[in-house]
Amino acid sequence: MKKTIAIVHYNTPELTTAGIKSIRKKGGMDWKVVVFDNSNERPFTITEPLGDITIIDNTKGQIIDFDAELAKFPNKCSYLSTFASAKHMLSVQKLWELMPQGFILMESDVILSQPIDFLWDENYAAVGKIQHFAGTGRLEPDRLLPMLCYMNVPLLTANGARYFDPMRCWALQKGVMVRGNWYDTGASLLEDIVRTKPALVCRNYKTLPECYIHYHGGSWRQNNVEEQKAWLEEHKDLWT
């Protein structure tokens, strides 16, 4: 089975292109890359050779109509969220359907600094870095960070795990303090893995962030293109 990396893209073509180039530079020349494009302003386009790339075009809501999906939750906490997390979770859940063989999820604003072949380990339900919140005073449940993680989709689906669960998704329920409103991206997945152990097990690499650099919120922050380009220039040795 060909190893595949999936990237959810939203208006950051320079960042996504650099991320793909870093994959190729760090040994993933033969890996397939799938870009799920949710852009409404700056779609991802291939302007130079990038290897085996597939673009799934959702720029017009052809695959997921986010307005229709969010309308299902009339009491959602609009003052708590822009719903970027919900859209991201919905996109990854759709990728489970479209790529049922499994894949490595990589954020669109991540650049690899080391090879990541070790992440693809079919002995586990998921492989990545767990972010722990217990004892910090914060309300969020622990989560499997979405920046870079492998998901064994056949094993996960066979055991009832979900990446998107509307009852466990940031800000979709009525009331800020409702526990389900504090599940950030990757939290429901980790909870399902823990709940079904030993059928599902997540391998936690504490040092995984050493394998990449992360722009942080590249698609929803200020989305300042010049700042993004300056950051890319600063780290060009990793992707050029």
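Is Y150 buried or exposed, and what is its relative accessibility? At 0% relative accessibility, Y150 counts as buried, where buried denotes under 20% relative accessible area, exposed over 50% and partly exposed in between, with a 1.4 Å probe and protein chains only. The structure is a predicted model, in which local features need pLDDT of at least 70 and side-chain atom pairs count only at pLDDT 80 or more, while totals for chains, interfaces and linings use all residues. Residues are numbered from 1 along each chain as its sequence is written, and side-chain values use heavy atoms, with hydrogens and water left out.

Five aromatic pairs are found in a search of the whole structure; rings of Phe, Tyr and Trp (its six-membered ring) pair if their centres lie within 6.5 Å, and planes under 30 degrees apart count as stacked, over 60 as edge-to-face and the rest as tilted. One of these pairs is formed by W120 and Y150, which is tilted, with 4.8 Å centre to centre and 40° between the planes. W120 lies in the loop between strand 5 (110-112) and strand 6 (126-128) and Y150 in strand 9 (residues 148-151), so the pair ties together parts that are 30 residues apart in sequence. Helices (H or I, at least four residues) and strands (E, at least two) are DSSP runs, numbered from the N terminus. W120 is also buried, with a relative accessible area of 10%.

Y215 and W231 form an edge-to-face pair, at 5.2 Å centre to centre and 65° between the planes. Because Y215 is placed in the loop between strand 11 (212-214) and helix 6 (225-234) and W231 in helix 6, this pair ties together parts 16 residues apart in sequence. Both Y215 and W231 are buried.

Backbone geometry was also examined. Most residues other than glycine have a negative phi, and most peptide bonds are trans. N11, although not a glycine, has a positive phi of about 65°. This residue lies in the loop between strand 1 (4-9) and helix 1 (13-25), and N11 is buried, with a relative accessible area of 2%. A171, likewise not a glycine, has a positive phi of about 75°. The loop between helix 4 (153-158) and helix 5 holds A171, which counts as buried at 0% relative accessibility. A cis peptide bond, with omega of about 10°, joins K197 and P198; P198 lies in the loop between helix 5 (187-196) and strand 10 (202-204).
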